[in-house]
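Please work through each task before reading its solution.

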Amino acid sequence: PPDVKYTQYYEKLAVNDKIILFESKHGDDLAGNIFNMIYETRRDKYKDFHVLLVLKKELFETYDRLLKNYNIHHVTFVELHSDEYLRALAVAKYLVTDTSFPPYFIKKPEQVYLNTWHGTPLKAMGRIVPDREYALGNVQRNFNIADYLLYQNEFSRDIFLTDYMLNKIYEGKILLSGYPRNSSFYRTDRRDKIRSECGLEHMQVIVYMPTWRGLLHRKESKAQVNRIFGYLAHLDHKLKKNQVLFVKLHPFVKKGIDYSQFLHIKEFPADYETYDFLNASDMLITDYSSIMFDYAVSKKKIILFTYDREEYLGDRGIYIGLDEMDLPKVE
């Protein structure tokens with residue numbers, strides 16, 4: 001089992017000062033904070049470092065294409081839970097994640113661990129998630145052993161320290177600083193470049209990014225797909241020639257939608273990192289996603305499409321009431 005093997009590496013192998021290990025959402029993603037930090041490692045001062053990115057095997061090809069699109073060729077992919085991964089966890093000097101490392105990971109005193117998390121929380125976290133209190137253990141442990149916890153605002157900092165019960169026990173450094181992923185919104189050159197590459201110079205570019213609604217069994221997913229398709233078809237009729245709507249759905253749902261049937265609606269392009277492409281947009285439609293807090297730094301319009309507010313928020317608990325937010329909400 002991986003934990004036994006990892007422990008052997010932990011005891012035998014020395015830390016290598018020139019290795020940086022990045023992991024996003026347990027190897028499911030390369031987006032936001034982690035992407036932007038990898039983007040930074042292209043600079044000369046990192047040229048002696050070995051940069052590793054943890055991914056699930058089936059995503060290697062997708063993210064290889066994405067990185068090549070950004071002229072990033074210095075990153076080595078490591079498969080989650082593989083032998084190579086266990087070794088890397090034991091030897092990397094710098095470890096960065098936006099979620100958490102596995103329960104078997106033990107941080108060595110000479111390793112430097114940064115946890116950035118992946119957004120400003122809107123939905124309940126940690127001990128206040130109804131009926132999920134038991135599930136916070138590994139995340140709490142990860143926060144507690146990290147040398148640095150990064151928060152982009154005091155609101156997030158206070159929620160994490162309280163609801164993961166870190167107050168008075170956390171001994172690392174809390175960084176109240178910018179968020180790597182939001183640097184995307186300040187790259188005007190990228191905005192212009194993407195708009196011209198995609199032929200969008202004279203278009204109003206709208207992006208629809210709803211929260212995933214956590215329904216795994218097929219019947220529910222199908223119902224959800226039909227509902228979303230209906231809304232999109234309705235919107236497609238209303239959009240004008242100079243408007244285009246890009247839609248980014250959860251992988252479980254997006255397979256069910258055939259975009260070729262629409263005139264003004266397209267699938268979110270896979271070759272761009274999410275925030276980088278958002279920078280090229282003019283407006284965001286979302287619902288209960290923390291992306292609204294990030295997009296807000298661009299000062300562009302945000303609309304909340306909360307058609308299933310009652311059923312979705314029913315017993316989840318959120319930190320800020322939707323009505324307290326000064327954003328237009330539509331049903």
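Rings of Phe, Tyr and Trp (its six-membered ring) pair if their centres lie within 6.5 Å; planes under 30 degrees apart count as stacked, over 60 as edge-to-face and the rest as tilted. A search of the whole structure on this basis finds 31 aromatic pairs. The model is predicted, with local features needing pLDDT of at least 70 and side-chain atom pairs pLDDT 80 or more, while totals for chains, interfaces and linings use all residues. Residues are numbered from 1 along each chain as its sequence is written, and side-chain values use heavy atoms, without hydrogens and water.

**Exercise 1.** Classify the aromatic pair of Tyr6 and Phe105 and state which parts the pair ties together.

*Solution.* Step 1: the ring centres of Tyr6 and Phe105 are 6.4 Å apart and the planes make 50°, a tilted pair. Step 2: Tyr6 belongs to helix 1 and Phe105 to the loop between strand 4 (92-97) and strand 5 (112-115), so the pair connects parts 99 residues apart in sequence. Helices (H or I, at least four residues) and strands (E, at least two) are DSSP runs, numbered from the N terminus. Step 3: Tyr6 is buried at a relative accessible area of 0%, and Phe105 is likewise buried at 0%. Buried means under 20% relative accessible area, exposed over 50%, partly exposed in between (1.4 Å probe, protein chains only).

**Exercise 2.** Describe the pair of Phe101 and Tyr113, then name the cluster that ring pairs form.

*Solution.* Step 1: Phe101 and Tyr113 are tilted, at 5.2 Å centre to centre and 55° between the planes. Step 2: Phe101 is in the loop between strand 4 and strand 5 and Tyr113 in strand 5, so parts twelve residues apart in sequence are tied together. Step 3: Phe101 and Tyr113 are both buried. Step 4: ring pairs join Tyr6, Tyr10, Phe101, Tyr104, Phe105 and Tyr113 in a cluster.
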